[in-house]
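Please look over the sequence and the model below before reading on.

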Amino acid sequence: MYGPARRLRLPLLLLALLVASCAPGRTPSPAIAPIPLPAVSAPIISGADQLVPLPDGPSAFAAIVDVLRAARRSIELELYEFQRLDLVAMLLDAHDRGLTVTAIKDPSERSSETSWAVLEQGGVRVVAFPLERLTIDHVKLLIVDGVRAIVGGINWGSHSALNHDVDVLAAGPVVDNLERVFRQDLALAGEPTPIPPPAPDRHVEVLVTHPGDGIRAAALAAVARGVSLRALLDPTQPQNATTMALLQAAGAAVRFYVQAGDELLHAKLGIFDRATVLFGSCNWSYSGFARNHELDLLVHDARLARIFLSRLEQDWVASTP
């Protein structure tokens, strides 16, 4: 896939991870109390879009709490893993205040059954994504009032705040296109809903898999040219040992992430030429590219690339060979 070592020419920094927390049927420990959260940083203006980088779990949950508190009309949520009962309570409170709260769940993710059941009992509309054999709905998407969205790789699991993930808080036409994905998924789940046309956006592309293959196509377009490559892989996945060997044989620099505790390197992030960022829910695996329903953003903005690269560099330095 990456070609011989002599073809590795152009600058590329890539982080592609396959992690245990995304495996169907995983049952983590019960929900824990939320940890203190930092303030959200200022947005990057990228064309008509505004993107607030969320380069770790704490910053992502700070943004999630902020936008849920600020919601005035509607909350739309599509999640693979959901055990945070404090966030369940916030959604129920929003519903009780008269907001329209709609959620799409993965019915195969058993550790989240309690959260979805509590929401349904409280009157929240929860629909199940229609799964095929060996597939999961792996999307992580929150849309508030139709104008702000949080999207990326972070689950709402009991320990997700500890993991290394990347997300953004977005406003602008990218939210219209994320809304379009959410409505398409509602329609797939048998809920009649109008699906708007795509919104023009030259800076941020919304990519999905199953249906579609946009994420895989974006990744292959980069590696097919022949590029220099660094890869940081999560050590908890056995298949990553084979991946490491293949990449090293092609001339890439590859390291396993060194855990400081029980956290996972859960990010699915590619940074190309320090100017383009591909990130979201999609593991760079056969199931991620071909079977699962995944959602990524392809962002053409060097400022976002620098911010995510800074976090990646910290993990790279801390993960000596």
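The model shown here is a predicted one, and its protein chain holds eight helices and 15 strands. Of the 321 residues in the protein chain, 55% count as buried.

Helix α3, which spans residues 113–121, has S115, W116 and L119 as buried residues. These three cover an arc of only 95° around the axis, and therefore they lie on the same side of α3. An α-helix has 3.6 residues a turn, so residues three or four places apart point the same way. The face of α3 turned away from that buried side carries T114 and Q121, which are exposed, while the cover over the buried residues includes strand β4, helix α2 (85–96), and the strands β5 (100–105) and β6 (125–128). After α3 comes G123, with a positive phi near 100°.

Just after α6, G251 takes a positive phi of about 100°.

Rolling a probe the size of a water molecule over the atoms shows where empty space is left. How many cavities of 30 Å³ or more does a search of the whole structure find? The search finds two, and the second largest cavity has a volume of about 50 Å³. Its lining includes I64, L77, L79, W156 and D167, and by class the lining is made up of nine nonpolar, one polar and two charged residues. Strands β4, β7 (141–144) and β8 (148–152) each supply at least two residues of this lining, with the largest share, three residues, coming from β8.

Strand β4, which is among the contributors to that lining, covers residues 74–79 and includes S74. S74 has a relative accessible area of 18%, and therefore counts as buried. Apart from its neighbours within four places in sequence, S74 is in contact with L99, T100, I143, V144, D145 and G146.

Most residues other than glycine have a negative phi, and most peptide bonds are trans. The peptide bond from H210 to P211 is cis, with omega near 5°, and P211 sits in the loop between β10 (204–209) and α5 (214–223). L134, in the loop between β6 and β7, is a residue other than glycine with a positive phi, near 65°, and at 52% relative accessibility L134 counts as exposed. R274, in the loop between β13 (269–272) and β14 (276–280), likewise has a positive phi, near 55°, and at 53% relative accessibility R274 counts as exposed.

Definitions and conventions. Residues are numbered from 1 along each chain as its sequence is written. This is a predicted model: local features need pLDDT of at least 70, side-chain atom pairs count only at pLDDT 80 or more; totals for chains, interfaces and linings use all residues. Side-chain values use heavy atoms; hydrogens and water are left out. Helices (H or I, at least four residues) and strands (E, at least two) are DSSP runs, numbered from the N terminus. Buried means under 20% relative accessible area, exposed over 50%, partly exposed in between (1.4 Å probe, protein chains only). Contact means heavy atoms within 4.5 Å. On a 1 Å grid over the protein atoms alone, a cavity is a set of points where a 1.4 Å probe fits but cannot get out, and a pocket is an open set with protein on both sides within 12 Å along at least five of seven lines; lining residues have an atom within 4 Å of a point. Grid points are joined across faces, edges and corners, and a volume is the space filled by probe spheres set on the points. Ala, Val, Leu, Ile, Met, Phe, Trp, Tyr, Cys and Pro count as nonpolar, Asp, Glu, Lys and Arg as charged, and the others, Gly among them, as polar. The arc is that of the directions from the helix axis to the C-beta atoms.
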